[in-house]
Amino acid sequence: RRVCHHHTRTALCESRDTLTAFARTLCGLLDSLRSAIARNAVSCARELFTAAGRGADPVVEMLTPTLIRRAAGGDQFLAEEATRALVAMVVHCGDGRVLSA
């Protein structure tokens with residue numbers, strides 16, 4: 001989360017390969033059975049969308065299905081956090097990418 005919050009432009013958005021690798025790792029953590037790990041991963045996705053804005057467009061399609069699954073899941077606190085991440089994605093990312101995801 002620190003990298004997403006403080007170093008998004010320099011660490012993630014300059015290299016598409018780095019951003020894609022980061023998103024793949026994040027997808028794995030979003031699917032974690034441990035709720036604390038999944039919640040931190042969802043918070044990290046929200047931070048990524050907020051800080052990177054349109055720079056996160058290449059990974060929107062990769063993260064959206066998992067976030068939707070988490071938003072519809074059984075854990076209330078995890079569903080609320082996933083909903084916040086999806087709202088951040090809609091607000092900060094490109095409209096075309098969000099609609100195609």
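How many helices and how many strands are there in the protein chain? After that, take me to serine 32, in the loop between H3 and H4. Is serine 32 buried or exposed, and what does serine 32 touch?

Modeller: A caution before the details: this is a predicted model. The protein chain has seven helices and zero strands. Read along the sequence, the pattern is α-α-α-α-α-α-α. The chain runs to 101 residues, and 41% of them are buried. Take the contacts between residues at least 6 apart in sequence: 68% of these join residues at least 24 apart.

Now the loop. Serine 32 sits between H3 and H4. Its relative accessibility is 16%, so serine 32 counts as buried, the cut-off being under 20%. A polar atom of the serine 32 side chain lies 3.2 Å from the backbone nitrogen of arginine 34. Leaving out residues up to four places away in sequence, serine 32 touches Ile37, Ala38 and Arg70.

Follow the contact to alanine 38. This residue belongs to helix H4. Its relative accessible area is 0%, so alanine 38 is buried. With residues up to four places away again set aside, alanine 38 touches Leu29, Leu30, Ser32, Arg70 and Leu78. Eleven residues separate cysteine 27 from alanine 38 in sequence, and their C-alpha atoms are 9.5 Å apart.

Packed helices in general are described by the angle between their axes and the distance between the axes. For H3 and H4, the axes come within 8 Å and cross at roughly 145 degrees. The crossing is left-handed. On the H3 side, the contact is made by Leu19, Phe22, Leu26, Leu29 and Leu30. On the H4 side, Ile37, Ala38, Ala41, Val42, Cys44, Ala45 and Leu48 take part.

H5 and H6 have axes that come within 8 Å and cross at roughly 145 degrees. Their crossing is left-handed. H5 brings Val60, Thr64, Leu67, Ile68, Arg70 and Ala71 to the contact. H6 brings Leu78, Ala79, Ala82, Thr83, Ala85, Leu86 and Met89.

The largest nonpolar core holds 26 residues, of which Phe49, Leu63 and Leu67 touch the most other members. At least two residues come from each of helix H3 (16-30), helix H4 (35-52), helix H5 (57-71) and helix H6 (76-92). H4 gives the most, with eight residues. Look closely at phenylalanine 49. Apart from its neighbours within four places in sequence, phenylalanine 49 is in contact with Ala56, Val60, Leu63, Leu67, Ala85, Ala88, Met89, His92 and Cys93.

The structure holds zero disulfides. Cysteine 93, one of the contacts of phenylalanine 49, has a relative accessible area of 3% and is therefore buried. Cysteine 27 is buried as well, with a relative accessible area of 13%.

Notes: Residues are numbered from 1 along each chain as its sequence is written. This is a predicted model: local features need pLDDT of at least 70, side-chain atom pairs count only at pLDDT 80 or more; totals for chains, interfaces and linings use all residues. Side-chain values use heavy atoms; hydrogens and water are left out. A nonpolar core is a set of buried Ala, Val, Leu, Ile, Met, Phe, Trp, Tyr and Cys residues joined through side-chain atoms within 4.5 Å. Buried means under 20% relative accessible area, exposed over 50%, partly exposed in between (1.4 Å probe, protein chains only). Helices (H or I, at least four residues) and strands (E, at least two) are DSSP runs, numbered from the N terminus. Contact means heavy atoms within 4.5 Å. A disulfide is a pair of cysteine sulfur atoms within 2.5 Å. A polar contact is a pair of N or O atoms within 3.5 Å; within protein, one must be able to donate a hydrogen and the other to accept it, and residues adjacent in sequence count only if both atoms are side-chain atoms. Axes are lines fitted to C-alpha atoms, for helices over the stretch in contact, and angles run from 0 to 180 degrees between N-to-C directions. A crossing is left-handed if the near helix is turned anticlockwise from the far one by less than a right angle, and right-handed if clockwise.
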